[in-house]
Protein chains: 2
Amino acid sequence: MRETPISLVLDARGAMGLSLSKVTMAKVIDKAETVGAAFASIRNSNHFGIAGYYTEMAARRDMIGICMTNTAALGVPTFGRHAMFGTNPIAVSVPALAGGMFTLDMATTCVTRGKIEVYDREGKTLPSGWAVDTKGKGTTDAHGLLEDMLFQRGGGLLPLGGEGEEFSGYKGYGLAVLVDIMTAVTSGGVFGRSVMDSEATSARVCHFFCAIRLDLFREPEELKSDMSRLLAELVNAEPAEGCERVYYAGLKEHEAEALSAKIGVPLSAKIAAQLRQIGQGLGIAFPG
Amino acid sequence: MRETPISLVLDARGAMGLSLSKVTMAKVIDKAETVGAAFASIRNSNHFGIAGYYTEMAARRDMIGICMTNTAALGVPTFGRHAMFGTNPIAVSVPALAGGMFTLDMATTCVTRGKIEVYDREGKTLPSGWAVDTKGKGTTDAHGLLEDMLFQRGGGLLPLGGEGEEFSGYKGYGLAVLVDIMTAVTSGGVFGRSVMDSEATSARVCHFFCAIRLDLFREPEELKSDMSRLLAELVNAEPAEGCERVYYAGLKEHEAEALSAKIGVPLSAKIAAQLRQIGQGLGIAFPG
């Protein structure tokens, strides 16, 4: 759609989000290598997987990586009753020394629909502050909420910070709208309540990518050394009574990744059986 | 400290934050005018006022404006018990048509210290989810909390999302650390628990500024037209039962600003008396 030395706007035309996003982030990194920083947005795309995957591509090249995507509308604005934005995640990665990095990858709603589904399956009551019903009032009924969302009767997930103003839910709401702006308004794509599956197609989501070279600011090794110091201070902070340790964004995930690299990826019996079955249908043997 | 066509890093040497920040954002805007986007960070500064003031400078020039600052450490990480970051606000402005704009300007802690002070003065109990005590356990005691924070005994404000993981407090915590990274790690300044007033000086805070030209993505008038459509959809969203209306980030503030421009800035009797007194001391007559 538009290209400058520092930016790129693409129309995915309904293609898979994963492969185009990887190619696009690689282009953004190349442009940043030349100009210092670069931006891209994509419209008419589909689910692109893990936002933090793309930001870590930049971090491994001594850059700050930023990525956002809008999603089908599920989130209700502060004082509202209808879904007007998606779970709209924001991810940012910044490298530290020796391959360490900070990776924040967060939905801007308090929780995602997947978490409501888990509560529904287990027949549990939702904590109040996660969702509202069709009148915009707090609800703890997981099953009713999922039905209301499915049939678009109103109600939905609350933004980070919860209901009303007491716990600053308008901040999560503001962040969710910011994601709609950076992804869809910059690319001329679909935003807000209009992002939804139709009979003909899946929801046409939009993405945003950015890479900023560390050496715009300081010698990368010095900057990364301060990053390592900051992350170490957080990890070494004294835990609350009854808590084991303090994390920083991405630490849990990186520890799980390192463990999986060593012992393999743990699968539930159900998923393993499904994979075996798919493999049999395609004539591919199950490894190990 | 360092300057490229797209970036600037400054040491404020303890100067006032307000004037240097305005000059710096103007430079960032000038650089963005040439290159398409630009970034700056400042270390060793002082309170710079309102983050959204600087982002709106960019928005009035058909740019996306971003601004952050770290502050004296008052915020406690998820599972922690000591203050390890400030209220660390993030501001972003994006222009719409006819001078309209979206301005998100939010502390990344759930509330700021000022709000705790109001509760203390009024002898009210804090909502649980705002703060923790010296053991890292939720507290509702405003007075005790302020004393513990003052004498650095531990305890402090919770990040946006509250205590533990149930309401995703680790997201607000991650955003607060991100602000420390973008402001202090990029400028070689002071971050985390080390940002605090000393006997000799006020806390030496760090700022971050960014401006991105709208036309990197689309024709500015088209982009702003979509911005206006997005903001109108939010304002026209059906309110929750018992609520009057749905806002978007910055709307309340812009309405208050327009009212003040018309009728003047409302002052409490106490503030008006203080201003009269200061004016008398300096031989300046009170207007009106």
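Which helices and strands of chain A and chain B each supply at least two residues of the lining of the largest cavity? I began my notebook with that one.

**Ground rules.** I am reading a predicted model, where local features need pLDDT of at least 70, side-chain atom pairs count only at pLDDT 80 or more, and totals for chains, interfaces and linings use all residues. Residues are numbered from 1 along each chain as its sequence is written, chains are lettered from A and ligands numbered from 1 in the order written, and side-chain values use heavy atoms, without hydrogens and water.

**Cavity.** I found 1 cavity of 30 Å³ or more. A cavity is a set of points on a 1 Å grid over the protein atoms alone where a 1.4 Å probe fits but cannot get out, and its lining residues have an atom within 4 Å of a point. The volume, the space filled by probe spheres set on the points, is about 360 Å³ for the largest cavity. To my opening question: β4 (63-69), β5 (90-95), α5 (169-185) and β9 (205-213) of chain A do, together with β4, β5 (90-95), α5 (169-185) and β9 (205-213) of chain B. Helices (H or I, at least four residues) and strands (E, at least two) are DSSP runs. I counted 23 lining residues, with I66(A), M68(A), V92(A), I66(B) and M68(B) nearest the centre. The lining divides into 23 nonpolar, no polar and no charged residues.

**R60(B).** I looked up this residue in the loop between α2 (51-59) and β4 (63-69) of chain B. The C-alpha atoms of R60(B) and G161(B) are separated by 32 Å.

Technical notes
On a 1 Å grid over the protein atoms alone, a cavity is a set of points where a 1.4 Å probe fits but cannot get out, and a pocket is an open set with protein on both sides within 12 Å along at least five of seven lines; lining residues have an atom within 4 Å of a point. Ala, Val, Leu, Ile, Met, Phe, Trp, Tyr, Cys and Pro count as nonpolar, Asp, Glu, Lys and Arg as charged, and the others, Gly among them, as polar.
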